[in-house]
Amino acid sequence: TSAIKVTLSDLEKYTNKSFPLCMKFLYDTLKENHHLKYGSRIQLGNFFKTIGLTLEESLELWKTEFTRKITETTFEKKYTYFLKHMYGTVGSKRPYQPATCYNIINVVLSAEETHGCPFKTWDSLHMTRKLQQCRIPSCGIDDIEDVINNMQYEKACAKHFQFIHKQTNPPEINSPFDYFKESLMVLKQ
Ligand code: SF4
């Protein structure tokens, strides 16, 4: 998809500012719980693949987190197939395409699942708190919430980007990778 190639050893430096909220939240949850449910694993795992992690790096990353709670054998048995499938080395052997916001926004969530697009799924109180944690000024938060109320989730995400990166205008966001790519461009300046 681009020349961007993140490696496992420098992943951390991108997670805070360059991950869109949907991925930042899943990444933080993975670090905190050392586990993610299936839908979340697919959403975050595919994003890691899109930004350039190799299958080996992805296996390493998920193994490091999951084996804080389960044994390596259980990890190998239960949790490596989804990654291999995603990279196209087993099963249908068709690597997954990068997800679009449209896919993520319209995903059907069952109880207790935490993936999807936060701009759609989080209630207003939770969203306000998270935006405050990102140090978005209250006028910005009001602005973002107006857009959310109009169900324009990508636009809300673009405004979130705009405030975080202190830009005059919001970028065009159609996928988590767009957010990431735009962020790298701004941070390089
Ligand atoms: Fe992620 Fe797209 Fe939602 Fe932004 S609009 S949080 S990139 S799904």
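Biologist: Okay, starting with a detail: where is the place of His34?
Modeller: His34 sits in the loop between helix 2 and helix 3. Keep in mind that this is a predicted model.
Biologist: What about the phi of His34?
Modeller: His34 has a positive phi of about 55°, although it is not a glycine. Most residues other than glycine have a negative phi.
Biologist: Which loop does Met151 lie in?
Modeller: Met151 is in the loop between helix 10 and helix 11. Its phi is near 60°, again a positive value in a residue other than glycine.
Biologist: Is Met151 buried or exposed, and why?
Modeller: Met151 is exposed, with 11 other C-beta atoms within 10 Å. The cut-off for exposed is 12 or fewer, so Met151 qualifies.

Biologist: Changing topic. What's the mean pLDDT of the protein?
Modeller: The mean is 95, and 98% of the residues reach 70 or more. The model scores are ipTM 0.99 and pTM 0.95.
Biologist: Where is confidence lowest, and where highest?
Modeller: It is lowest in helix 1, residues 12-15, with a mean of 94. Helix 4, residues 55-66, has the highest, at 98.

Biologist: Now the ligand. How many residues surround it, and which are the closest?
Modeller: There are 15 residues around the ligand, and the closest are Pro20, Cys22, Cys101, Cys117 and Cys157.
Biologist: Which helices each supply at least two residues of the shell?
Modeller: Helix 2 (21-33), helix 7 (101-105), helix 8 (118-121), helix 11 (153-164) and helix 12 (176-188).
Biologist: So where does the ligand lie relative to domain 1 and domain 2?
Modeller: Domain 1 (14-100) and domain 2 (118-188) both give residues to the shell around the ligand, so it lies between them.

Biologist: How many residues of domain 1 and domain 2 are in contact?
Modeller: 14 residues of domain 1 are in contact with 13 residues of domain 2. On the domain 1 side, helix 2 and helix 3 (38-51) are the elements giving two or more residues. Helix 2 gives the most, with four residues.
Biologist: And how do the residues on that side of domain 1 divide?
Modeller: The side of domain 1 that touches domain 2 has 10 nonpolar residues, three polar and one charged. As for spacing, the centres of domain 1 and domain 2 are 24 Å apart, taken over C-alpha atoms.

Biologist: What about the largest nonpolar core: how many residues, and which have the most contacts inside it?
Modeller: It has 33 residues, and Cys22, Met23, Leu26, Leu44, Ala156 and Cys157 have the most contacts inside it. The elements giving two or more residues to this core are helix 2, helix 3, helix 7, helix 9 (124-133), helix 10 (138-149), helix 11 and helix 12. Both domain 1 and domain 2 give residues to this core, so it lies between them.
Biologist: Which residues is Ala156 in contact with, leaving aside neighbours within four places in sequence?
Modeller: Ala156 is in contact with Phe119, Ile144, Val147 and Ile148, with those neighbours left aside.

Biologist: Where is Leu55 found?
Modeller: Leu55 is in helix 4. Leaving aside its neighbours within four places in sequence, Leu55 is in contact with Leu83, Lys84, Tyr87 and Thr89. Leu55 is partly exposed, with 16 other C-beta atoms within 10 Å.
Biologist: How far apart in space are Leu55 and Ser138?
Modeller: They are 41 Å apart, C-alpha to C-alpha, and 83 residues apart in sequence.

Biologist: Last one: which residues is Thr29 in contact with, leaving aside neighbours within four places in sequence?
Modeller: Leu36 and Thr114, with those neighbours left aside. Thr29 is in helix 2, and it is partly exposed, with 17 other C-beta atoms within 10 Å.

Definitions and conventions. Residues are numbered from 1 along each chain as its sequence is written. This is a predicted model: local features need pLDDT of at least 70, side-chain atom pairs count only at pLDDT 80 or more; totals for chains, interfaces and linings use all residues. A residue is near a molecule or strand if its C-beta atom, placed from the backbone, lies within 6 Å of it. Domain bounds come from an automatic or database domain assignment. pLDDT is the predictor's confidence in each residue, from 0 to 100. Two residues are in contact if their C-beta atoms, placed from the backbone, lie within 7 Å. Ala, Val, Leu, Ile, Met, Phe, Trp, Tyr, Cys and Pro count as nonpolar, Asp, Glu, Lys and Arg as charged, and the others, Gly among them, as polar. A nonpolar core is a set of buried Ala, Val, Leu, Ile, Met, Phe, Trp, Tyr and Cys residues joined through C-beta atoms within 7 Å. A residue is buried if 20 or more other C-beta atoms lie within 10 Å of its own, exposed if 12 or fewer, and partly exposed in between; C-beta atoms are placed from the backbone.
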